[in-house]
Amino acid sequence: MPSSESALFQSGIPSFDVLLGGGIPPRQSFIVTGTPGSGKTVLCSQVAFMAAARGIPVVLATVTSEPHDKLMGALSSFEFFKPDVLGEKLFIISAYSALKRGPKEARDLLLQTVRERGAAMLFIDGLRSIRDLWQDEARLREFLYELGIGLAASNCIGLFTTEYPLERLMALPEATTVDGIVSLSVQVHGSRRVRRVEVVKLRGRPHLTGEHTMTIHEGGVEFIPRLEAVPLEFRDEPPTLKRKGFGLPELDALMHGGLPELSTTMLAGSMGIGKTLLATHFAADAARHGERALFVSFFDAPAMLMARAKRVGLDVDPLLGEGRLTLRYVPPMEFEADVLVRDILRQVDALKVQRLVLDGLTDLELSIIDPGRRRTFLASLAMRLRMRGVTSLFTREVPKIVGTELDFNDAPVAILGENLLLLRYVELHGQMHRIMSVLKMRDSEYSPDLREFQIKDTGVKVLAPVRSAVGLLTGQARPLGTTVGGLGE
């Protein structure tokens, strides 16, 4: 078998080729298995049509007595369906009569058709129907074995579907006869049903292991590999000395000029305390310095975000008009983290973004359905942003407005905390005050002072260091006598 990457057969679905380690190995036979409705026929039909559209002859064999136009009618709504290739490069035959006569007759029909058409792929839709028809393990094993040899001799790839859960298939002779197995599934998570794909077996080829997200839309089947499973071109480079500020002089001074370039920062705070506003300042400051910024919000649509910023003197309309600031809204609906992050990274690349704000990290964290993935997923996201030259800021809500629980160490988002800024409400003398503190900046100097800050129509104002009370970070302050700094009597 040729081992060069150029010898791999391109499926026509780039994301499928990524899972397969570059494409389908030549002269091999595959089974795509899964329960009814998992997308087997759509996937294999898409591969067949995409090959035919490139001028590669394909034979599609049906093994039931159903008319061909029923299958074509079911596929006609997909964009990959090209009726002009039917009969020209995509040849549909029925193997049902030959199968009823026996394995030899069926094998001879299929191989003869492959040779006559010069086909590079044979797609058989429904191996389980053959098993049900023959009710004979030995006949089925012999049929698949000899068919595989014949296809390899004709330099033809075999692509077969069968309706079995993976565990059931692995106990059948089909699993040992073919070179590769791809499992499709529809899994239940609470009230949700999600599609998954796994390359279970691929002879002689490295591939992405484990389960990955699968979607079916008008374009056909698409796979989104787990973020942390895709190899990353890591560059071991020392940190830069540049800073990325908020455009708020008092706040930037706390961090000796701003956040370190290429770092990842978590801006944590109570509900309604001003996280989104400070994050908007960070994105707007990038645009004012000639950089491109992307602001992704799980809370506010662009019009609402712009209006709230303008009420405190931050007008981002000109920055949006000039294309230096882009606002993206993620509505409150079901989504999967791999899909969303895939789209965000594509947008980062397309816009050449240098600063990214993700306003609502908890929503992203909860969209990672498998809790065991959350730490590695977020770590992979942070690294991929850094490798793209992006300085990122993520906001996260602290569950309690006041209280002593401030430990993020066990939370998956702790992996993002190269830098940690905390905003809290403090109750003192019967009034609520806003305070901020830089709790952590990795490998960088910063001021540890606690500062009161105010949000008014004139903008955000960071006041002098607070020296008049203790217990401020818990939100339950105790006065120390004479007032010094931002907190009043």
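**Salt bridges, a buried serine and a helix pair**

Arg 373 and Asp 338 are both buried (under 20% relative accessible area, with exposed meaning over 50% and partly exposed in between, for a 1.4 Å probe and protein chains only). The structure is a predicted model, in which local features need pLDDT of at least 70 and side-chain atom pairs count only at pLDDT 80 or more, while totals for chains, interfaces and linings use all residues. Residues are numbered from 1 along each chain as its sequence is written, and side-chain values use heavy atoms, with hydrogens and water left out.

The side chains of Arg 373 and Asp 338 form a salt bridge with an N to O distance of 2.9 Å (a salt bridge being a side-chain nitrogen of Lys or Arg within 4 Å of a carboxyl oxygen of Asp or Glu). Arg 373 sits in the loop between α15 (361-366) and α16 (374-387) and Asp 338 in helix α14 (residues 337-351), so this pair ties together parts that are 35 residues apart in sequence. Helices (H or I, at least four residues) and strands (E, at least two) are DSSP runs, numbered from the N terminus.

Across the whole structure, 25 salt bridges are found. Arg 107 is a handy residue to look at next. With Glu 146, Arg 107 makes a salt bridge at 2.0 Å, N to O; because Glu 146 belongs to helix α7 (residues 137-153) and Arg 107 to helix α5 (residues 103-117), the pair ties together parts that are 39 residues apart in sequence. Arg 107 also forms a salt bridge with Asp 108, where the closest N and O atoms are 3.3 Å apart. Arg 107 counts as buried at 15% relative accessibility, whereas Asp 108 is partly exposed at 29% and Glu 146 is partly exposed at 28%. Elsewhere, a network of salt bridges links Lys 244, Glu 261, Asp 285, Glu 291 and Arg 355.

Ser 38 lies in the loop between β1 (29-33) and α2 and, at 0% relative accessibility, counts as buried. A polar atom of the Ser 38 side chain is 2.8 Å from the backbone oxygen of Thr 35. Leaving aside residues up to four places away in sequence, Ser 38 touches Leu 184, Ser 185, Val 186, Arg 195, Met 214 and Ile 216 (contact meaning heavy atoms within 4.5 Å).

Helix α2 (residues 40-53) and helix α3 (residues 68-75) have axes that come within 11 Å and cross at roughly 90 degrees. These axes are lines fitted to C-alpha atoms, for helices over the stretch in contact, with angles running from 0 to 180 degrees between N-to-C directions. In the contact, Thr 41, Val 42, Ser 45 and Phe 49 of α2 meet Leu 71, Met 72 and Leu 75 of α3.

Conventions. A polar contact is a pair of N or O atoms within 3.5 Å; within protein, one must be able to donate a hydrogen and the other to accept it, and residues adjacent in sequence count only if both atoms are side-chain atoms.
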